[in-house]
Amino acid sequence: MIHSKKNCLMMAGVLMAASLTSCSQEKAAENSAATEETMKVSLVRDDASKKVEVLVDGELFTAYIYPDTIAKPVLYPIQSAAGNSLTRGYPLDPRPGERVDHPHHIGHWFNFGDVNGLDFWNNSSAIPVEKRDKYGSIVHTGIQSLGESGEEASLAVTADWNAPDGKTLLKESTQFTFKADSGKRVIERITTLTAQDQEVKFTDNKEGMFAIRVARELEHPSDKPEIFTDASGIATAVPTLNNEGVVGKYRSSEGLEGDAVWGTRGNWVNLTGAVKGEQVALVIVDHPNNPGYPTYWHARGYGLFAANTLGQKALSDGKDELNLSLKPGESVTFKYEILVYSGTQPDDATITAEAAAFGSR
């Protein structure tokens, strides 16, 4: 068969285009694989140290820890993509210049201030022995499963909510899901509490529930010392410190900012700031299926960042009230999400979209 010069040139062009397309596809596959490798979320279980570390591309993001020295399991620390800690070090690893108040505020935790009259929120090693009969403890009982899938990992754990005499009031089952991409880290928490052989009452109380104690840099600048009193009337002094580098600011889904967020409702709150020059945002998102949605916010300028759906009377100055009771064998489930942005501070529309996606799951 005889081909014209024009046909030969056309065929060469087709072959070259096919070759370029093949190379582009191979390059895209290589880039995709590299991205997946870079954003891989993995779990490292260390029973001897009583922790499970969560790594992103081999670097620590957070860790589920359950030492005997604290009164509940916590996630500690929570770190940005650049490796900066967004949670306070005290009391586990104190840092120069940070506050040393409220020793029960450690990393991220979930508990409440009045469960059958017992205070689970304020319990710590600082409680005098003669007063410990008024406080409950949450005791880790097991790791049920660990799973990894590229940019996502899951951890299922169990715990007992115990009275001072060791009697278990509630069985806790919690599923954590950890996700990562180039500019964002995500922690989803689903916690189910099941009453055991007696009725369990959560009496409306300002001390709760889903909480983070943030690093000094993410606090509001403080221009005067303050004293905060817990539900039992115990006062804690919070002094004025050096405000250099302290630039945190709360903003709620309702458009409120700063200290005005405390005692208001909203389905998310965004805490923005900078840590060692890195622009960051730390967001807590409520879920529509939670009791009392949208939650009230127990968000203090000194660094306590908490969503308290069962603290309505205390946080609304008596306008609302929610007392939750579980009969033996009954359960209640709470769902929350933490978003950690690095190198950027998202706008309201971005967070609202994230909250809507979380709320649909």
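Entry 1, starting point. I looked up F202 and found it buried, at 1% relative accessibility. I kept in mind that this is a predicted model.

Next I asked which ring F202 pairs with. The partner is F112: the ring centres are 6.0 Å apart and the planes meet at 55°, so I logged the pair as tilted. F112 sits in strand β5 (residues 108-112) and F202 in strand β10 (residues 200-202), so I was looking at a link between distant parts of the chain, 90 residues apart. F112 is buried too, with a relative accessible area of 0%.

I moved on to Y250 and F305, whose rings are 5.2 Å centre to centre with 55° between the planes. This pair also links distant parts of the chain, with Y250 in strand β14 (residues 249-252) and F305 in strand β18 (residues 304-308), 55 residues apart. Both residues are buried.

My tally of aromatic pairs for the structure is 12. I also noted one aromatic cluster made of F110, F120, W161, F210, F334 and Y336. Then I checked W109 and found a charge over its ring: the charged end of K72 is 5.3 Å from the ring centre.

How many residues does the largest nonpolar core have? I got 59, and the residues with the most contacts inside it include F202, F305 and F334, which I had already met, along with V115.

I searched the whole structure for cavities of 30 Å³ or more and got one. The volume of the largest cavity is about 90 Å³. Strands β4 (74-78), β5 and β8 (168-180) each supply at least two of the lining residues.

I was still in strand β8, where T177 has its place. Is T177 buried or exposed? Its relative accessible area is 13%, and under 20% counts as buried, so I marked T177 as buried. Beyond its neighbours within four places in sequence, T177 is in contact with E152, A153, S154, V186, I187 and E188.

- The G208 to M209 peptide bond is cis, with omega near -20°, and M209 lies in strand β11 (residues 208-213).
- Y293 and P294 are also joined by a cis peptide bond, with omega about -5°; I found P294 in the loop between β16 (278-285) and β17 (296-299).
- K276 has a positive phi, near 55°. It lies in the loop between β15 (268-275) and β16, and at 74% relative accessibility I logged K276 as exposed.
- D317 has a positive phi as well, near 60°. I placed D317 in the loop between α2 (312-315) and β19 (324-326), and with a relative accessible area of 71% it is exposed.

Conventions
Residues numbered from 1 in each chain as written. Predicted model: local features only at pLDDT ≥ 70, side-chain atom pairs only at ≥ 80, totals over all residues. Heavy atoms only, no water. Phe/Tyr/Trp six-rings, centres within 6.5 Å; stacked < 30°, edge-to-face > 60°. Helix = DSSP H or I, 4+ residues; strand = E, 2+ residues; numbered from the N terminus. Buried < 20%, exposed > 50% of the residue type's maximum accessible area, 1.4 Å probe, protein only. Lys NZ or Arg CZ within 6 Å of the ring centre and 35° of its normal. Core = buried A, V, L, I, M, F, W, Y, C linked by side-chain atoms within 4.5 Å. 1 Å grid on protein atoms, 1.4 Å probe; cavity = no way out; pocket = protein on both sides within 12 Å on 5 of 7 lines; lining within 4 Å. Points joined across faces, edges and corners; volume = space filled by probe spheres on them. Contact = heavy atoms within 4.5 Å.
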